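Hi,

Here is the structure I promised to hand over. Have a look, and my notes follow below.

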Amino acid sequence: MMAQDKTHALSDVLDRLEESLVGKQILFGDVVGAIGPSSFSSLMLIFSLICTSPASAIPGVTSAVALVVCILTVQMIAGREAVWLPRFLMHRHISTVTLGKGIKWLRKPVRFVERFLKVRLTFVFHRPWLWLPLILILCLTIIMPFMEVIPASGSIASTIIALFAAGMLTRDGALVLIALALLLAVPITIWGLGHFG
């Protein structure tokens, strides 16, 4: 994919997902099929964006998405070439109307972000540099289910993951570094709240 094409990669992922919205509900497995089983970054982006959209208000969605992203992250660390998700997750579903509204809601911020994206600082996509954000994302997904009791906290965590996935997808190392800085800020913030609370 050429550099110019990569700047529109986020919208392209939304387009592919929107085209797959048929019927009243869509299975997580259908999302994987629409995006592609080898597109780890795209799938991480889509599932994390679900948690930043109005769909996150559905009870259990944040936990399910956190589990999906956790499994994706483990497989990325292990260097797998194709996505594997357990059957019970592949058969989990979400309303196509709700997801469609979420996609429509995401269009404007995605188009805004795409204006600033470009291929740069690509060293961060090579090991061992890539392991640090992946490990931090893994830790974040483990605590995300507990964030459902705190309004908007799960969406904030998902936004950070989405930034990382967007940087991976577009080969924009600067965006990955921004996501890394935000990921590092999460445990510091939690420690601060616990220490001074």
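This is a predicted model: local features need pLDDT of at least 70, side-chain atom pairs count only at pLDDT 80 or more; totals for chains, interfaces and linings use all residues.

Arg-120 is partly exposed, at a relative accessible area of 29%; buried here means under 20% relative accessible area, exposed over 50% and partly exposed in between, with a 1.4 Å probe and protein chains only. Its partner is Asp-172: the two form a salt bridge whose closest N and O atoms are 2.7 Å apart, a salt bridge being a side-chain nitrogen of Lys or Arg within 4 Å of a carboxyl oxygen of Asp or Glu. This pair links distant parts of the chain, with Arg-120 in the loop between α7 and α8 and Asp-172 in the loop between α9 and α10 (173-196), 52 residues apart. Asp-172 is buried, with a relative accessible area of 0%.

Residues are numbered from 1 along each chain as its sequence is written, and side-chain values use heavy atoms, with hydrogens and water left out.

There are three salt bridges in the structure. Asp-15, Glu-18 and Arg-107 are linked in a network of them. Arg-107 pairs with Asp-15 at 2.8 Å between the closest N and O atoms; Arg-107 lies in helix α7 (residues 96-114) and Asp-15 in helix α2 (residues 9-19), so the pair ties together parts 92 residues apart in sequence. Helices are DSSP runs of H or I, at least four residues, numbered from the N terminus. For Glu-18 and Arg-107 the closest N and O atoms are 2.7 Å apart. Arg-107 is buried, at 16%, whereas Asp-15 (29%) is partly exposed, and Glu-18 (37%) is partly exposed too.

On to cysteines: zero disulfides, i.e. pairs of cysteine sulfur atoms within 2.5 Å. Cys-70 is buried at 17%, and Cys-139 is partly exposed at 44%.

Last, the largest pocket, with a volume of about 300 Å³. (A pocket is an open set of points on a 1 Å grid over the protein atoms alone where a 1.4 Å probe fits, with protein on both sides within 12 Å along at least five of seven lines; lining residues have an atom within 4 Å of a point.) Of its 18 lining residues, the closest to the centre are Phe-40, Ser-41, Met-76, Met-168 and Arg-171. The largest share of the lining, three residues, comes from α4.

Cheers

How values were computed. Grid points are joined across faces, edges and corners, and a volume is the space filled by probe spheres set on the points. Helices (H or I, at least four residues) and strands (E, at least two) are DSSP runs, numbered from the N terminus.
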